[in-house]
Amino acid sequence: MAILIDPPRAEAHGRRWSHLVSDSDLGELHAFAQALGIPARGFEGDHYDVPEERYDAVVAAGARPTPARELVRALQASGLRMQKRRGDKGVARVLAVGFPDGTSADVDLIRSSREADPARVFAAMAFVRDAAGDFAVVHSIRRDEWGAPGGWREGAESVRENAAREVREETGLVVDPHALLPLGYERFRRRSSGGLWREGCDLLQVFTVDVPGRRPPLAAELGDTSDRRWVTWDELAVLCADQFWWPLAVATLSPRGG
């Protein structure tokens with residue numbers, strides 16, 4: 001195992017940057033970065049951005065200087081490279097997430113203000129906030145967990161229609177599909193056979209939407225949820241911080257800026 005860093009040649013925000021990667025293990029990379037005080041916000045899903053003025057200290061701490069092309073090849077060979085569109089930000093890769101049907105997948109959490117390719121989206125969820133910034137959450141019977149309203153696309157509905165329908169069915173709140181704002185998406189990489197989603201249709205779109213007033217009444221149209229309530233951000237963390245998607249919520253919605 002090795003930690004690699006390329007020369008500080010990438011330019012952004014008026015500075016030059018290096019890329020810090022592991023050739024085998026993200027846990028090793030996170031531990032190395034944390035020990036050096038490299039901020040978590042510098043993580044881009046498969047690497048840390050390191051400013052030029054910190055390059056020498058990072059090398060002194062044990063990172064191996066590596067030409068940029070060789071670093072990319074090592075990252076690709078490791079299987080850790082996170083593919084994403086230019087401008088999107090990798091938040092985390094969560095390994096071996098288990099699902100109620102017995103299947104499992106590695107999940108990439110990607111922050112983006114642009115909608116994902118609808119041809120690849122099999123489901124959508126929406127974080128619903130009231131005028132005070134509180135969140136509507138529901139308890140899924142199938143998953144036995146709390147979370148934002150969401151579920152699978154049906155028929156020929158659009159991704160936005162999918163999210164708006166799930167909000168209505170699980171909370172009773174009617175939202176305009178055009179009012180939904182993209183936060184990012186989850187990309188699923190299958191670890192086991194079976195399951196309902198398929199290769200090439202592997203993204204779950206994440207939105208947020210605001211509703212007027214303070215904590216309007218919640219009700220369910222269907223029986224796939226057992227409870228629903230309004231919660232503050234801190235209460236949402238108590239209910240959901242152990243869910244695989246939580247890092248994306250923190251990166252996009254935390255009142256403390258993640």
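This briefing looks at the pockets and cysteines of the structure above. The model is predicted, so local features need pLDDT of at least 70 and side-chain atom pairs count only at pLDDT 80 or more, while totals for chains, interfaces and linings use all residues. Residues are numbered from 1 along each chain as its sequence is written, and side-chain values use heavy atoms, leaving out hydrogens and water.

**The largest pocket**
- A pocket here is an open set of points on a 1 Å grid over the protein atoms alone, where a 1.4 Å probe fits, with protein on both sides within 12 Å along at least five of seven lines.
- The largest pocket holds about 1100 Å³ of space.
- Its lining (residues with an atom within 4 Å of a point) has 32 residues, and His-19, Glu-44, His-47, Asp-49 and Lys-84 are the closest to the centre.
- Helix H3 (a DSSP run of H or I, at least four residues) gives the most to this lining, with four residues.

**The second largest pocket**
- The second largest pocket has a volume of about 780 Å³.
- Among its 37 lining residues, Arg-142, Arg-143, Gly-151, Trp-152 and Leu-204 lie nearest the centre.

**Cysteines**
- Which number of disulfides (pairs of cysteine sulfur atoms within 2.5 Å) does a search of the whole structure find? The search finds zero.
- Cys-201 counts as buried (under 20% relative accessible area, with a 1.4 Å probe and protein chains only) because its relative accessibility is 9%.
- Cys-240 is also buried, with a relative accessible area of 0%.

Terms used:
Points joined across faces, edges and corners; volume = space filled by probe spheres on them. Helix = DSSP H or I, 4+ residues; strand = E, 2+ residues; numbered from the N terminus. Disulfide = S-S within 2.5 Å. Buried < 20%, exposed > 50% of the residue type's maximum accessible area, 1.4 Å probe, protein only.
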